[in-house]
Amino acid sequence: MSNSAGKSILIIGLGMIGGSIARGLRKVGPDQMILACDQDQEALGQAIRDKIINDSGSFEIMCPLADIIIIALPPLSIARLLPKIAPYIKDDAIVTDVASVKSHIISAAAEIGEDFLSKFVPAHPIAGSEQSGYRASIDNLFESRNVIITPLATNSPEAVAVINDLWRSLGANVLGMSSARHDEVLAATSHLPHLLAYAIVDVLAKQEQSEDIFRYAAGGFADFSRLASSDAKMWSDIFIANADATERVLDDYIKNLLTLKKAISEHDHVYLENIFSQAKHARDNFINTHYKPSSQVEMRNTQSSFHIEPGGIIEGKIRVAGDKSISHRSIILGAIANGVTRVKGFLEGEDALNTVAAFREMGVTIIGPESGEMTIYGVGKQGLKAPRKPLYMGNSGTAMRLLAGLLAAQPFDSVLTGDESLSSRPMNRIAGPLREMGAQIDTDSDGTPPLRITGRPLRGIKYDMPMASAQVKSCLLLAGLYAEGVTTVSEPAPCRDHTERMLAGFAYSLERDPARGTCSLVGGQALQATDIDVPADISSAAFFLVAAAICPGSNLLLEHVGVNPTRTGVINLLRAMGADIVLSNERLVGGEPVADLTIQYRPLKGIEIPADQIPLAIDEFPVLFIAAACAEGETVLHGAEELRVKESDRIDAMAKGLEQLGIATEVFADGIRIVGGKLGGGTIDSHGDHRIAMAFAVSALRAESAVTITNVANVATSFPDFVELASRAGIKISMVSE
Ligand code: S3P
C-alpha cells in the first residue's frame with residue numbers, strides 16, 4: 001500500500017505537470033483526496049468536472065487541509081510562494097516541489113526557518129513536454145520516467161520515504177542527488193539545449209525572408225527546435241534561477257562554437273570530422289545505454305579492447321577505487337537500516353551501481369554516488385517495496401547471491417537476472433540452504449539464474465558450507481536477519497568477513513567463533529544506520545602490486561588499502577614469492593583494517609600455493625598467475641576449483657592467455673602449474689572477465705611485444721578508472737573502442 005493512501009494531497013499549480021500529477025494520482029487512487037490551487041479558475045473547474053480533483057480554493061484555505069503539498073509552479077514563483085504558504089501548513093505535513101532548479105528554492109526555504117526545512121523535500125520529475133496548461137496534462141506522464149529527489153540534511157527518512165512513494169505510485173523511477181549536483185547536471189543536459197533551441201529559432205526568425213526559410217525547413221529543424229515551443233515564462237525563470245551553473249556550461253559551449261567556426265573557416269576537415277564522430281559516438285551510446293526509461297542499463301559495448309605497448313616502470317603514489325564487497329554491503333545494509341547511512345569511498349563500478357539501482361527500485365532513496373559519496377535513507381527491515389520489474393544484477397555474483405538471501409524473506413516476490421556470464425553461474429549453493437530455511441526459489445534447470453523468488457517467512461538453520469564462500473555465508477546471514485530463531489553458518493576455511501564486521505557496525509549483534517569458523521545471529525533485531533568509509537579495494541590494488549613486483553626499477557605506494565586478514569592472500573603469496581611489500585600507517589577505519597602499501601621490485605621465484613591462502617586470495621589469482629609467469633621456476637596451485645565458476649573459468653582463460661604469451665602451463669581440474677619464462681606478445685581474449693583483462697594488461701610490462709586484450713568492457717564492473725590509473729602508474733595502455 002502506498003504511504004500517501006488516506007492522506008490529502010494538495011497540488012499548487014494545476015498546469016501540465018501539476019495536472020498530470022493529479023491525473024496520475026487519481027488513476028491509482030480513485031478515493032484519494034486531491035485538492036488544488038491555481039489562478040486559472042477554468043482549469044480548476046475542468047479538473048473538478050473531470051473528477052480529477054475533489055476541491056479547490058485559495059492556499060490559505062487549502063494548505064491547512066493537506067498532508068502532502070506539491071508545488072508545481074515555475075521556479076521563481078515557487079521561491080516566492082514558500083514563505084506565503086508556510087504559516088498555513090499543518091505541523092506534520094510534507095511539502096515538495098517539481099522545479100528543475102533546486103538550489104535557489106532551497107535557499108528560499110532556508111530563510112523560512114528550521115521547521116519548514118525539515119518538512120520540505122525537494123524533487124524534480126524529468127518529464128514534461130513543450131505543451132503547457134492543464135489541458136495538456138496526461139495520467140501517465142511520469143511512468144518509467146526519472147524523478148530526482150534532492151533531500152535536505154534536515155529531512156527525516158520518513159519524510160523522504162513519503163515523497164519517494166508518491167512518485168513511485170505514479171510509476172516513476174526515483175533517483176537521488178545533492179541539489180548542487182542536480183543543478184549542474186540539469187544546466188548541461190536540459191537548460192543548455194533549451195537555450196540553444198530558443199536561440200536558433202530566434203536567429204532564423206530575425207533573418208530577412210524568414211518566412212521563406214521556415215517554408216523550406218524540414219524534420220531536422222523541427223527536431224532541433226522542438227524545445228523552443230516550451231513555456232516562455234517557465235524557461236526564463238529557470239535560467240535566472242540556475243544562472244551560475246548555466247553560465248558555466250554556456251561558456252564551454254561558446255568556446256566550442258568558436259573553435260568549430262575557426263575550423264570551418266580554415267576548411268579543417270579532419271578536425272570537424274573528428275569532433276563530429278566523437279559526438280556521434282557519445283550520442284549513440286547515450287541512446288543505447290541510458291535513454292531507455294523503462295528498462296535498466298543492460299547494453300554494453302563489448303567491442304572495446306586494451307592495447308598495451310611492452311615495458312615500463314611502475315612508480316608513484318596511487319589510490320585505487322573503493323572495495324567492491326564493502327560497497328555492495330553498504331547499500332544492502334544501509335537500505336534496511338533505520339536512519340540515514342552515509343558512505344565515503346563507494347566504488348562507482350557497474351556491479352555496485354546495479355545494486356544501487358535494485359534498491360532504488362525497491363523504494364529506497366539513495367543520493368549519489370557523487371565522487372564516491374552516497375547517502376542512503378534506510379527504510380527499515382520491513383520497508384522494502386515489491387520491485388516492479390526483474391532486478392538486473394549485471395555481472396555480479398555477489399549482488400545476486402546476497403540479494404537472494406534478503407529477498408527470500410520479504411513479503412513480496414522478486415526475480416533476479418544477470419548478464420551472460422552471471423546467467424551461467426551456479427546458484428544452487430545458495431538456493432539449497434535457503435530452501436532449508438523455508439525459502440521458495442526457482443532457478444533454471446541447471447541451477448543457474450534467473451532466480452524467481454517467492455517471498456515467505458523463514459526459519460533459522462545451522463549450515464556447514466561445503467566451500468569457503470563469503471557470498472554463501474553472507475546470503476544466509478542476510479536471510480537470517482529475518483528468520484525465526486538462530487541462523488548459524490560455519491566455514492571450512494576463513495573467507496572474507498565484511499558482512500559480519502558490517503552487521504556489528506549496524507548494531508546487529510552476532511556471535512563469531514573463529515576457532516570453529518562459525519557465525520550465528522538471531523533474527524528479528526533492527527539495524528541502526530551508520531557512517532561507512534570504504535577502503536581502497538585490495539583486489540584492485542593487486543594489479544599494481546604485481547605490476548611493481550615484476551618490473552625492475554619499480555617503487556609504488558598504494559594508499560588506504562583494505563588489509564582485512566581475510567583478504568590479504570595476495571600480499572602473503574607475493575611475499576612468499578620474494579616480493580618486497582611494506583605495510584605502513586596501519587589503522588582501523590570503520591571496523592576494517594587499512595594500510596598504505598609500498599612495493600619495490602625484487603626478483604620473484606615460483607612457489608607451491610598453500611591451500612589456506614586460496615580463499616584469502618580468491619579474486620587475485622588471475623594477476624598472481626602473471627606474477628608466476630614472471631617468476632623463476634614453477635608455481636603450482638591445487639584446490640582452487642572455485643576459480644572455474646567465477647566471472648569466467650579463470651583457470652582455463654588464464655592458461656589460454658599465458659600460452660598465447662609463450663608461457664608453459666599445465667591445467668588441473670582444481671588448479672594450474674605455471675612455468676616462469678619469457679613473455680611474448682599478441683592478442684588475448686579476456687572472455688569478458690574484468691580480472692582476466694586487467695591481469696593481462698599488467699603482463700605487458702614484461703612482454704617482448706605489444707599485447708592486445710579483447711572484450712574488456714567489463715573492467716568497468718569493478719575498476720572504472722583502471723586505464724587512467726594504470727597509465728599514471730606507468731603501464732603504456734590505451735583503450736580502443738570499435
Ligand atoms: C565476494 C566473495 C567471493 C569473491 C567475490 C566477492 C563477496 O566470492 O570471489 O568477488 O563480496 O562476498 P565467493 O564467496 O563465491 O568465493
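E634 and R673 form a salt bridge, with the closest N and O atoms 2.9 Å apart. A salt bridge here is a side-chain nitrogen of Lys or Arg within 4 Å of a carboxyl oxygen of Asp or Glu. The pair links distant parts of the chain: E634 sits in strand β26 (residues 634-637) and R673 in strand β28 (residues 671-675), 39 residues apart. Helices (H or I, at least four residues) and strands (E, at least two) are DSSP runs, numbered from the N terminus. The model is predicted; local features need pLDDT of at least 70, side-chain atom pairs count only at pLDDT 80 or more, and totals for chains, interfaces and linings use all residues. Residues are numbered from 1 along each chain as its sequence is written, and side-chain values use heavy atoms, with hydrogens and water left out.

E634 is partly exposed, at 40% relative accessibility. R673 is also partly exposed, at 24%. Buried means under 20% relative accessible area, exposed over 50%, and partly exposed in between (1.4 Å probe, protein chains only). R673 forms a salt bridge with E666 as well, and the closest N and O atoms there are 2.9 Å apart. E666 counts as partly exposed because its relative accessibility is 37%.

The structure holds 34 salt bridges. One of them joins R496 to D619, with the closest N and O atoms 3.0 Å apart. R496 lies in the loop between β19 (486-490) and α19 (498-505), and D619 in the loop between β25 (592-600) and α22, so the pair ties together parts that are 123 residues apart in sequence. R496 counts as buried, at 10% relative accessibility. D619 counts as buried too, at 13%. R496 and D619 belong to a network of salt bridges that also links R425, E647, R650 and D689.

Aromatic side chains were examined next. The structure holds 10 aromatic pairs. Rings of Phe, Tyr and Trp (its six-membered ring) pair if their centres lie within 6.5 Å; planes under 30 degrees apart count as stacked, over 60 as edge-to-face and the rest as tilted. The ring centres of F544 and F719 are 6.1 Å apart and the planes meet at 75 degrees, so this pair is edge-to-face. The pair links distant parts of the chain, 175 residues apart: F544 is in helix α20 (residues 538-550), and F719 is in the loop between α25 (715-718) and α26 (722-729). F544 and F719 are both buried. One aromatic cluster contains F306, F543, F544, F719 and F722.

F621 and F625 make a tilted pair, because their ring centres are 6.0 Å apart and their planes stand at 45 degrees. Both residues lie in helix α22 (residues 621-630), four residues apart, about one turn of the helix. F621 is buried, with a relative accessible area of 0%. F625 is buried at 3%.

Another phenylalanine, F116, is found in helix α6 (residues 114-119). F116 is buried, with a relative accessible area of 5%. The C-alpha atoms of F116 and A93 are separated by 9.9 Å, and the two residues are 23 apart along the chain.

D252 is found in helix α12 (residues 243-265). D252 is partly exposed, with a relative accessible area of 48%. Together with D244, E247 and D251, D252 forms a negative surface patch. Patches are made of residues with over 30% relative accessible area and no salt bridge; like charges are joined within 9 Å, and nonpolar side chains (Val, Leu, Ile, Met, Phe, Trp, Tyr) within 5 Å.

How values were computed
Accessible areas come from the Shrake-Rupley method with a 1.4 Å probe; for residues, only the protein chains shown count as cover. Lys and Arg count as positive and Asp and Glu as negative; His and the chain ends are not counted. The place of a charge is taken as NZ of Lys, CZ of Arg, CG of Asp or CD of Glu.
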